Structure formats: C-alpha cells, structure tokens
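Subject: Structure handover

Hello,

Here is the structure I promised to pass on. Please open it first, then read my notes below alongside it.

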Amino acid sequence: MAKHTILIIDDEEDFSYFVKLNLEKTKEFEVLTASDPENGINIAKTARPDLILLDIMMPKMGGDDVASYLLDDPKTKDIPIIFLTALVRKNEEQEGEGEIGGRTYISKPVTAAELISRIKMALIPGIW
C-alpha cells in the first residue's frame, strides 16, 4: 500500500517532530515538515503532498494567508488542509468538526489517534 504524504507547516518544531514521529509510526504516512510558512509553501509546490497540517498562528505569515496562497496556486489548490490551532481550546469546541473559513481545524493539544482519524477522513471522504 502506498503511503500518504503529509506536510506539516508549524513554527513549533517540537510539536512537528512528535506529530511526524506518531504519523510515521503507523507506516501509513510519509511526513515532511516546515517551520517557516514560505518554506512550507515551496515544499507544497514541489512535493505536492496528499494533505497539509497547517498552524494558524505563525510569525511572518499566518496560516490563513498560507492557505489562501495555496488555494490560489493551480499546483496546490486541491490539496486538503487541516488547520491546527491553540486559539480554540478543546473545551471550547462545538460538537463535531470545527471549521475556519470552510477548512477543518483541530485544537491543540491533539492526540495521535484523533489526528490520524481526522487525516483519514480528509483523505478518504465518506469512508468514516
């Protein structure tokens, strides 16, 4: 079975490291990381990942700006994006999936099981 490529764009390098570790442990995912939004955009354009996990609050460029840029580029416009945020806490989330600007978000901290489940839902709609 082919692995899905996931790109994490998040300025918190420790968070990205542990997410990468947990996702790759499943042997279902290959994970690329970028701690800088501009580098993340470049990686997205060249690697064309199956899905992007995107932090909302980053220095230089916010996740919403990164998402808009990716949406406007023909090479990256169809790549699903899941926002990661510490702006909304778990206890503040509404029932079900949260959305920001029509995109799914996950509140930090997130468990590996929840993250994997949300990734699979985004990659294979209708299967879950």
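Predicted model: local features only at pLDDT ≥ 70, side-chain atom pairs only at ≥ 80, totals over all residues.

Start at A113, which lies in helix α4. A113 counts as exposed, because its relative accessibility is 59% and the cut-off for exposed is over 50%. Now look across to L23.

**The whole chain**

The protein chain has 128 residues, and buried residues make up 45% of them. Its secondary structure comes to four helices and six strands. Trace the elements from the N terminus and you get β-α-β-α-β-α-β-β-β-α. Next, take the contacts between residues at least 6 apart in sequence. Of these, 62% join residues at least 24 apart.

Helix α1 covers residues 13-25, and helix α4 covers residues 112-123. Their axes come within 10 Å and cross at roughly 70°. Are they parallel or perpendicular? The helices α1 and α4 are roughly perpendicular, because angles from 65 to 115 degrees are put in that class. The crossing of α1 with α4 is right-handed.

Which residues make the contact? From α1 come V19, N22 and L23. From α4 come A112, L115, I116 and I119. Sorted by class, six of the contact residues are nonpolar and one is polar. None is charged.

**One aromatic pair**

How many aromatic pairs does a search of the whole structure find? It finds one. The partners are Y17 and F18. Two values describe a pair of aromatic rings: the distance of the centres and the angle of the planes. For Y17 and F18, these are 5.1 Å centre to centre and 75° between the planes. The pair is edge-to-face, because its planes are over 60 degrees apart. Y17 is partly exposed, with a relative accessible area of 47%. F18 is partly exposed too, and its value is also 47%.

**A buried residue in a strand**

Is T5 buried or exposed? T5 counts as buried, because its relative accessibility is 15% and buried means under 20%. Set aside the neighbours of T5 within four places in sequence. T5 is then in contact with E30, L32, P49, D50 and L51.

**Backbone points to check**

Most residues other than glycine have a negative phi, and most peptide bonds are trans.

- K27 has a positive phi, near 65°, and is not a glycine. K27 is in the loop between α1 and β2. K27 counts as exposed, at 64% relative accessibility.
- K60 is not a glycine either, yet its phi is positive, about 75°. K60 is in the loop between β3 and α3. K60 counts as exposed, at 71% relative accessibility.
- The peptide bond from K108 to P109 is cis, with omega near -5°. P109 sits in the loop between β6 and α4.

Best wishes

Methods:
Residues numbered from 1 in each chain as written. Heavy atoms only, no water. Axes fitted to C-alpha atoms, helices over the stretch in contact; angles between N-to-C directions. Helix = DSSP H or I, 4+ residues; strand = E, 2+ residues; numbered from the N terminus. Parallel < 35°, antiparallel > 145°, perpendicular 65-115°, else oblique. Left-handed = near helix turned anticlockwise from the far one by under 90°. Contact = heavy atoms within 4.5 Å. Nonpolar A, V, L, I, M, F, W, Y, C, P; charged D, E, K, R; others polar. Phe/Tyr/Trp six-rings, centres within 6.5 Å; stacked < 30°, edge-to-face > 60°. Buried < 20%, exposed > 50% of the residue type's maximum accessible area, 1.4 Å probe, protein only.
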